[in-house]
Amino acid sequence: MAKVLATEIRVGNLIEWDKRIWRVLKCYHVHVGGRGGAFMQVEMKDIESGTKTNQRIRTEEKIERTVVEPREMTFLYQEGNDYVFMDKKTYEQLSLSQDFLEGQSGYLLPNIDVLVNFHHDRPIGVQLPPSVILTVVDTEPVLKGATATSSYKPATLETGLVVMVPSFVLQNEKVKINTDTGEYIERV
């Protein structure tokens, strides 16, 4: 196992906490001015029991990252509540449930490459690319007089994911989305 700083924790990482292996669902850096100092707010799920917890971890603290075997896979298609992936080396297919993906399914389009982490030959997590490009299928029209810098509106993307986008983004346009935060990056 390798120790990393708390600031290096990312969504999808597997960490050891309280002698258990946890998958990071959400994490963000919080800086409190004054005496509080900075910390990482981490929401994680125990891969064995499925229980979730929220932890505040000081930024200077070192965390054990679980040693896993990452395998390059391609997302093929969705079948009901299951998502089918194919190993790029062996061409074996792996089916993972929507519950297993914990909100990551909104970033999956057919033929997207991901890393599936295995621990003792058992899939325990999916690492998405840092960003994905998705098409806007539904959003409000541009409002006359709305400024491009400060106003955001909800947009439904082709995978069903809803994100806030600037008011100038129109239906059928492609946008780049950060897979860690779920935030709009730019129009493509």
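A: Strand E3 (20-32) and strand E11 (122-127) each supply at least two residues of the lining of the largest pocket, where strands are DSSP runs of E with at least two residues, numbered from the N terminus. This is a predicted model, in which local features need pLDDT of at least 70 and side-chain atom pairs count only at pLDDT 80 or more, while totals for chains, interfaces and linings use all residues. Residues are numbered from 1 along each chain as its sequence is written, and side-chain values use heavy atoms, with hydrogens and water left out.

Of the strands, E3 gives the most to the lining of the largest pocket, namely six residues. The lining has 26 residues, and those nearest the centre of the pocket are Val-11, Leu-25, Thr-179, Asp-180 and Thr-181. A pocket here is an open set of points on a 1 Å grid over the protein atoms alone, where a 1.4 Å probe fits and protein lies on both sides within 12 Å along at least five of seven lines, and a lining residue has an atom within 4 Å of a point.

Sorted by class, the lining holds twelve nonpolar, seven polar and seven charged residues; Ala, Val, Leu, Ile, Met, Phe, Trp, Tyr, Cys and Pro count as nonpolar, Asp, Glu, Lys and Arg as charged, and the others, Gly among them, as polar. The space in this largest pocket comes to about 500 Å³, a volume being the space filled by probe spheres set on the grid points, which are joined across faces, edges and corners.

Conventions:
Helices (H or I, at least four residues) and strands (E, at least two) are DSSP runs, numbered from the N terminus.
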